[in-house]
Amino acid sequence: MEIRLAEEKDIKELQKIAERSWHDTYSGIIPEKIQDEFIKRAYSDSFLLKRLKHSFFIVAILEGKIVGFANFSFKNLHKDVELSAIYLLPEFQRKKIGTTLLREGIKQLSPIFHLYVDVEKENKKALSFYQSQGFRKIKEFDAMCFGHRLQTVKMVLDLEPLEQEDLQFLKK
């Protein structure tokens, strides 16, 4: 598997992965119309271009095909980072690709103190994944997504102060 920075030429593939991942993950949780509106806006060409330029956006490639991505952005000057997304094509989930993307992001962005992620409360697969990676729940809140109320869980992975020798677990 290859992990590399996402590029402008990847936009169409990123959009397909986001759409398939969202429909697979949120079927029965978020109405499809809301999912489609979110994907249309959050993964438009222009918005993706901004994310590619102003955040850390990596892709996972297997056999020459992009199968997933992760997007990280700095929250503040204190080395806190927000994980905006880890999305994989459904047939590539549960193959350690998400773990690899997460660990590569942490490795490339280190030293960071805290990594935050917001997870829809009914997204049990994601909650389980993040807990298995050491994240802990810090709060729950309601958020609105195009008129649909989401129950959101904010989680954090405490990384402070990680020294290079502490990052050995990332090399596994």
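This is a predicted model: local features need pLDDT of at least 70, side-chain atom pairs count only at pLDDT 80 or more; totals for chains, interfaces and linings use all residues.
Local features need pLDDT of at least 70 and side-chain atom pairs count only at pLDDT 80 or more, whereas totals for chains, interfaces and linings use all residues. Residues are numbered from 1 along each chain as its sequence is written, and side-chain values use heavy atoms, with hydrogens and water left out.

The structure holds 10 aromatic pairs (rings of Phe, Tyr and Trp, the last by its six-membered ring, with centres within 6.5 Å; planes under 30 degrees apart are stacked, over 60 edge-to-face, the rest tilted). Trp-22 and Tyr-26 form a tilted pair, 4.5 Å centre to centre with 50 degrees between the planes. These two residues are separated by about one helical turn because they stand 4 residues apart in helix α1 (residues 11–26); helices are DSSP runs of H or I with at least four residues, strands runs of E with at least two, both numbered from the N terminus. Trp-22 is buried at 5% relative accessibility, where buried means under 20% relative accessible area, exposed over 50% and partly exposed in between, with a 1.4 Å probe and protein chains only.

Phe-69 and Tyr-87 form an edge-to-face pair, at 5.4 Å centre to centre and 75 degrees between the planes. Phe-69 belongs to strand β3 and Tyr-87 to strand β4 (residues 80–88), so this pair ties together parts that are 18 residues apart in sequence. Phe-69 has a relative accessible area of 0%. Trp-22, Tyr-26, Phe-69 and Tyr-87 are among the members of one aromatic cluster, which also includes Phe-38, Tyr-43 and Phe-57.
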